[in-house]
Amino acid sequence: MNRKCQIGFALLVIGLAACSGGGGTGATGTGGTSGTTGGTGGTGTCTPGDGVVCVLSISFSPVDMTVNKGSSVSWTWQQGVHNIVFDPPLSPGVDDIGAFSEGIAVRTFTTTGTFPYHCTIHGGVGTGMHGTITVP
Ligand SMILES: [Cu+2]
């Protein structure tokens, strides 16, 4: 190898060295949030208010509830077997709810008014196990 070739070879090695070793490390991503909120239990705790009526052993809690027009009300069964029958004046699209011992039933009130209801097993119209939904 003559001197000219040695220099060329040396430059080639330097060039390879300069080119290798590049490529920085990639950014590490942040982990996603894990888990979702658990489902509502069938006979878990019920906090009355804010669109939630607790269906207790012989009463609804609260008895009288006010919700905004277009809002939903959910009845959460806590104890015993109860049904819900709506009494006149009826709110359009709000159907009676059959007898259940657990679970949650939801009805949406799209018109203003005061809508009474009762459990036929433990009450009657305006008496015993009954309640009202008021949409002002
Ligand atoms: Cu009842």
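What follows is a chat about a predicted model of one protein chain.

Me: What should I know before I start?
Reply: Residues are numbered from 1 along each chain as its sequence is written. This is a predicted model, where local features need pLDDT of at least 70, side-chain atom pairs count only at pLDDT 80 or more, and totals for chains, interfaces and linings use all residues.

Me: What's the mean pLDDT of the chain?
Reply: The mean is 79, and 68% of the residues reach 70 or more. pLDDT is the predictor's confidence in each residue, from 0 to 100.

Me: Where does pLDDT stay under 50?
Reply: Over residues 1–43, for which the model has seven contacts beyond four places in sequence. Two residues are in contact if their C-beta atoms, placed from the backbone, lie within 7 Å. Where pLDDT is low, the predicted coordinates should not be read in detail.

Me: OK, strands. Which order do the five strands of the open sheet follow?
Reply: The order is β3-β9-β8-β5-β6, with mixed pairing. Strands here are DSSP runs (E, at least two residues), helices are too (H or I, at least four), and numbering goes from the N terminus. Two strands pair if DSSP finds at least two bridges between them.

Me: And which strands stand at the edges?
Reply: β3 (64–66) and β6 (97–100) do; each has a single partner strand, so one side of each is left without a neighbour in the sheet.

Me: How do the pairs in there run?
Reply: β3 and β9 are parallel, over three bridges, and T66 has T134 of β9 as its bridge partner. β8 and β9 are antiparallel, joined by eight bridges; P116 is partnered with T132 in β9. β5 (residues 82–86) and β6 are antiparallel too, with two bridges, and H82 has F100 of β6 as its partner.

Me: Switching topic: how many residues are in the largest nonpolar core?
Reply: 14, and those with the most contacts inside it are V53, V55, V73, W75 and I84. β1 (52–55), β4 (71–77), β8 (113–124) and β9 (127–135) each supply at least two of its residues. A nonpolar core is a set of buried Ala, Val, Leu, Ile, Met, Phe, Trp, Tyr and Cys residues joined through C-beta atoms within 7 Å.

Me: What is V73 in contact with?
Reply: Leaving aside neighbours within four places in sequence, V73 contacts G51, V53, M65, V67, R107, F109 and I133.

Me: Is F115 buried or exposed?
Reply: F115 is buried, with 21 other C-beta atoms within 10 Å. The cut-offs, with C-beta atoms placed from the backbone, are 20 or more other C-beta atoms within 10 Å for buried, 12 or fewer for exposed, and partly exposed in between. F115 is in strand β8.

Me: And D50, buried or exposed?
Reply: D50 counts as exposed, with 10 C-beta neighbours inside 10 Å. D50 also has a positive phi of about 55° although it is not a glycine.

Me: Which residues does a cis peptide bond join?
Reply: One joins S61 and P62, and another joins P88 and P89. P62 lies in the loop between β2 and β3, while P89 is in the loop between β5 and β6.
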